[in-house]
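This briefing concerns the structure shown below. Please keep the sequence and the coordinates at hand while reading.

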Amino acid sequence: MEQVTMSDRFDCDNCKESLYGRKYIQADGGEGDNPYCIPCYDSLFANTCDECKELIGHDARELFYEDRHYHEHCFRCFRCDRSLADEPFTSQDEALLCNDCYCNEFSSKCVACDKTVMPGTRKLEYGGSTWHEGCFICHSCEQPIGSKSFIPDKDEHYCVSCYEDKFTPRCTRCKKALAKGGVTYRDEPWHKECFVCTGCKVQLAGQHFTSREDNPYCLKCFGSLYSKKCEACSKPITGFGGGKYISFEERQWHQPCFTCTECSVSLVGAGFFPNGDQILCRDCNTNSNL
């Protein structure tokens, strides 16, 4: 350490006044550390407070934010004047705000609990409203919906399973919910795959069918189970699809099958004569009696 005696000059590098008996600060003057009296040091090196525009003295606590310097006591919330020296804060249009003031002025409020949704917290937004993640719950089971699918109903929100339990119609056969599609029979809902023929179990959606005692049947099963048989071809007479038939006493015929037993001429719209199990045209009946 260099020995300094009273006979040596020890002056402020700026004002040249003697520093003997005075406080001083050594600072880099370009050629090593140079001594400065306190007033000169502050005027040369101290930063100006962005708030009060006064110098921030060497012995003051200085705070720095985005190229701006502040006295500790000047670093305060623009709204409530609360010190921000040891508090979280943010900046809005160059004004410093504590978290509480920022949230009250700029953050959304949760529509469920009416509390502020703090910046950085998980939230959900829907229809112009905001919720804390834990406040966005199903109206029925009251479990948080989170990122799962949900279904809105007026001002209420439901998870998919609760909505189906509460609102979705249920299939008459399997009793499970019809999420979409399906068919209606006798004012009752059915899954397409559940609406089947009572006889052969083929799906009936999109095809012609009929019923007996409220049970649906495809035309083929209904004809084979319940329809009368044609006297000529022994096939069922259903009458579906505009098919016409002839009925005489206890016997029925498809219209194309209603022909003379002997000569096969059509008897539709013509006179005919029963002869036991036979039906005859006029000519064949006359010949049979000769």
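The model is predicted: local features need pLDDT of at least 70 and side-chain atom pairs pLDDT 80 or more, whereas totals for chains, interfaces and linings use all residues. Residues are numbered from 1 along each chain as its sequence is written, and side-chain values use heavy atoms, without hydrogens and water.

**Annotated domains**
- The unreviewed UniProt entry places "domain: LIM zinc-binding" at residues 47–107, 108–169 and 228–290; such annotations may be inferred rather than shown by experiment.
- Residues 47–107 are 13% helix and 26% strand, with the end C-alpha atoms 34 Å apart (helices, H or I, at least four residues, and strands, E, at least two, are DSSP runs numbered from the N terminus).
- For residues 108–169 the figures are 11% helix and 26% strand, and the end C-alpha atoms are 38 Å apart.

**Second largest pocket**
- The second largest pocket has a volume of about 190 Å³ (a pocket is an open set of points on a 1 Å grid over the protein atoms alone, where a 1.4 Å probe fits, with protein on both sides within 12 Å along at least five of seven lines; lining residues have an atom within 4 Å of a point; grid points are joined across faces, edges and corners, and the volume is the space filled by probe spheres set on them).
- Its lining includes Arg-68, Tyr-70, Cys-77 and Leu-96.
- Strands E4 (68–71) and E6 (95–98) are the elements that each give two or more residues to this lining.

**Nonpolar cores**
- The largest nonpolar core has 14 residues, and those with the most contacts inside it are Tyr-70, Phe-75, Cys-77, Leu-84 and Leu-96 (a core is a set of buried Ala, Val, Leu, Ile, Met, Phe, Trp, Tyr and Cys residues joined through side-chain atoms within 4.5 Å; buried means under 20% relative accessible area, exposed over 50%, partly exposed in between, with a 1.4 Å probe and protein chains only).
- E6 supplies the largest share of this core, three residues.
- Another core, of 13 residues, lies apart from it and includes Cys-197, Tyr-217, Cys-221 and Phe-222.

**Helix H4**
- Cys-221, Phe-222 and Gly-223 are buried in helix H4 (residues 219–226).
- The buried residues of H4 pack against strands E13 (209–212), E14 (215–218), E15 (228–229) and E16 (236–237) (contact means heavy atoms within 4.5 Å).

**Positive phi angles**
- Most residues other than glycine have a negative phi.
- Asp-114 has a positive phi of about 65° and is exposed, with a relative accessible area of 55%.
- Arg-186, with phi near 55°, lies in the loop between strands E11 (183–185) and E12 (188–190).
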